[in-house]
Amino acid sequence: MSYPSQILVAAFLSVAASPVWAVCAGNQETVFSCSLGAKRVELCLTPAEGRVTYRFGPEHAPEIELTRDFGEITMQPWNGIGRAIWDRVTIPNGDFSYSLSWSLDKINQEVSGGIDVARGDTVLASLTCADAGEGGAIMELETLSIAMQDAGFCRTATYEALREGPCE
């Protein structure tokens, strides 16, 4: 990525900055967390309230923190097809969105994960988790999928994202 692109991406990632970094609270569960070089991304689940909290930035000073209800996010569980098992969740923020994903290659057992930052349909940056295959990352988006289903979200076809029910 070129230097001007890095500045542009940093500006987009800094929207809605939060002054304090905090790990998931006692009533929350970490469902995604990984290192992106000098920065971290984290997604905390609060199932009793039907919401998630997304954080991005340096470990002790996140640049962004967003809390969204289940109905505001897009959760795309694995469709059961292909060489890889994967999940993807997208957190909206005005014109921008932050999509966290993980994948397990069933053949070579390699784990990968990362985040795509988009404005509308244009992906501005794709960042890869540095610690995905080393055991330092937490990639349990299936836990979010199960919590959403327990809260009444469903899908009628495996290629669909979860949506508020009822499903037929």
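Mentor: Here is a walk through the disulfides, with the chain around them and a few local features after that.

Keep in mind that this is a predicted model. The protein chain has 2 helices and 12 strands. Along the sequence, the order is α-β-β-β-β-β-β-β-β-β-β-α-β-β. Of the 168 residues, 43% are buried. Among contacts with a separation of 6 or more, 44% come from residues 24 or more positions apart.

Now the disulfides. How many are there? The count comes to 2. The cut-off used is a pair of cysteine sulfur atoms within 2.5 Å.

Take Cys24 and Cys44. A disulfide joins them, with an S to S distance of 1.9 Å. That value falls within the cut-off of 2.5 Å. The two residues are 20 apart and link distant parts of the chain. Cys24 sits in the loop between helix H1 (3-13) and strand E1 (29-36). Cys44 belongs to strand E2, residues 39-46. Is this bond left-handed or right-handed? The torsion about the S-S bond is about -90°, so the disulfide of Cys24 and Cys44 is left-handed. Are these two cysteines buried or exposed? Both Cys24 and Cys44 are buried.

Next, Cys34 and Cys129. Their disulfide has an S to S distance of 2.1 Å. Cys34 lies in strand E1, while Cys129 lies in the loop between strand E9 (122-128) and strand E10 (138-139). The pair therefore ties together parts that are 95 residues apart in sequence. The torsion about this S-S bond is about -60°, so the disulfide of Cys34 and Cys129 is left-handed. Burial can be checked residue by residue. Buried means under 20% relative accessible area. Cys34 has a relative accessible area of 0%, so Cys34 is buried. Cys129 has 6%, so Cys129 is buried too.

Now helix H2, residues 141-150. Which of its residues are buried? They are Leu141, Leu144, Ser145, Ala147 and Met148. These residues cover an arc of only 165° around the axis, so they lie on the same side of H2. An α-helix has 3.6 residues a turn, so residues three or four places apart point the same way. On the other side of H2, Glu142 and Asp150 are exposed. After H2 comes Gly152, with a positive phi near 100°.

Finally, some backbone details. Most residues other than glycine have a negative phi, and most peptide bonds are trans. Gln109 is not a glycine, yet its phi is positive, at about 60°. Gln109 is in the loop between strand E7 (96-105) and strand E8 (111-119). Its relative accessibility is 51%, so Gln109 counts as exposed. The cut-off for exposed is over 50%.

The other detail concerns a peptide bond. Gly165 and Pro166 are joined by a cis peptide bond, with omega about 10°. Pro166 is in the segment after strand E12 (163-164).

How values were computed: Residues are numbered from 1 along each chain as its sequence is written. This is a predicted model: local features need pLDDT of at least 70, side-chain atom pairs count only at pLDDT 80 or more; totals for chains, interfaces and linings use all residues. Side-chain values use heavy atoms; hydrogens and water are left out. Helices (H or I, at least four residues) and strands (E, at least two) are DSSP runs, numbered from the N terminus. Buried means under 20% relative accessible area, exposed over 50%, partly exposed in between (1.4 Å probe, protein chains only). Contact means heavy atoms within 4.5 Å. The arc is that of the directions from the helix axis to the C-beta atoms.
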